[in-house]
Amino acid sequence: MNPTAEREKDDLGNRVCVRRNRGVRSRARRCSCQGTDRGGTVGNAMTDVNNSVYANTPSPEVFTPGGIFAVLRGKEYLAMAIVGTNNVVVQVKPGQTPPESGFETDSYGWSRKRYRDTELDRVFRRDTEIVWRNCIWRVPKILPDQFSFVCRLSRGYTPISELAEDPRTERGDEPSELWAHLTLDDIDALAISETEIPNNGHEDESTKRHIYAWKRPSF
């Protein structure tokens, strides 16, 4: 592993690779890529971007990570919706105070409590996807500066072996797993959408809403 990289938990409590930025924010150099895609062109595959009204810039203020979330007493928390049941596990990050009693804290500092979905204001999935080097990446973790982030390769044209040569990428535990540490300056497009999970842990695709979209004019 690169000496400037380390493993830490993402916003969902999974282990991800994070490469620390040791300098001032800078515009990273770009590379072209060729390879395979799982569903047509990258531009067409990123439906949320193509079907949305574009913002002028990728704004850090609206840049939020993807995952499953629950709203409890008006505040958003990470969550796990248990498929086939009406149970939702609300998760509170290390360092945050649980909103009420009954939360159990593990050795990593995460606090969790199970709720019935009717006890929560809302349960939903947020998809945050970016395009970089003609590939689509999912974003599960945004770093505290709201400018740099960790993303996982979803699909695109470039073979993993070629992407892995870029110093901003890091291989995961599986052969097909690749992570990248990028900034908003690096990306060509960004799309954020939300889908409700009303009951039994199943998503209702008819409720999907496009929250935010941006793409570089030349993309």
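**Exercise 1. Contacts of Arg216**

Which backbone oxygen does the side chain of Arg216 reach at 3.3 Å? Locate Arg216 and describe its polar contacts.

*Solution.* The model is a predicted one, in which local features need pLDDT of at least 70 and side-chain atom pairs count only at pLDDT 80 or more, whereas totals for chains, interfaces and linings use all residues. Residues are numbered from 1 along each chain as its sequence is written, and side-chain values use heavy atoms, with hydrogens and water left out.

Step 1. Arg216 is found in the segment after strand S14; strands (E, at least two residues) and helices (H or I, at least four) are DSSP runs numbered from the N terminus.

Step 2. The oxygen reached at 3.3 Å by the Arg216 side chain is the backbone oxygen of Asp185. A polar atom of the Arg216 side chain also lies 2.5 Å from the backbone oxygen of Ile187. A polar contact is a pair of N or O atoms within 3.5 Å; within protein, one must be able to donate a hydrogen and the other to accept it, and residues adjacent in sequence count only if both atoms are side-chain atoms.

**Exercise 2. Nonpolar cores**

*Solution.* Step 1. A nonpolar core is a set of buried Ala, Val, Leu, Ile, Met, Phe, Trp, Tyr and Cys residues joined through side-chain atoms within 4.5 Å. Buried means under 20% relative accessible area, exposed over 50%, and partly exposed in between (1.4 Å probe, protein chains only).

Step 1. The largest core has 22 residues, and Ile130, Trp137, Phe149, Cys151 and Leu190 have the most contacts inside it. Elements that each supply at least two of its residues include strand S8 (122-132), helix H3 (160-163) and strand S13 (189-196). Strand S9 gives the most, with four residues.

Step 2. A second, separate core has 12 residues, among them Ala79, Phe103, Leu120 and Ile197.

**Exercise 3. Aromatic rings and charges**

*Solution.* Step 1. The whole structure holds four aromatic pairs. One of them joins Trp132 and Trp137, which are tilted at 55 degrees between the planes, with 5.4 Å centre to centre. Rings of Phe, Tyr and Trp (its six-membered ring) pair if their centres lie within 6.5 Å; planes under 30 degrees apart count as stacked, over 60 as edge-to-face and the rest as tilted.

Step 1. Both Trp132 and Trp137 are buried. Over the ring of Trp132 sits the charged end of Arg133, 5.9 Å from the ring centre. The criterion is NZ of Lys or CZ of Arg within 6 Å of the ring centre and within 35 degrees of the ring normal.

Step 2. Arg126 lies over the face of Phe69, at 4.5 Å from the ring centre.

**Exercise 4. Loop residues**

Why does Ser59 count as buried?

*Solution.* Step 1. Ser59 counts as buried because its relative accessibility is 17%. Its place is in the loop between helix H2 (47-50) and strand S3 (67-72).

Step 1. Ser59 and Gln146 are 87 residues apart in sequence, yet 9.2 Å apart in space, C-alpha to C-alpha. Gln146 lies in the loop between S9 and S10, has a positive phi of about 60 degrees although it is not a glycine, and is partly exposed at 31% relative accessibility.

Step 2. Arg73, in the loop between S3 and strand S4 (75-81), is likewise not a glycine and has a positive phi of about 55 degrees. Arg73 is exposed, with a relative accessible area of 61%.
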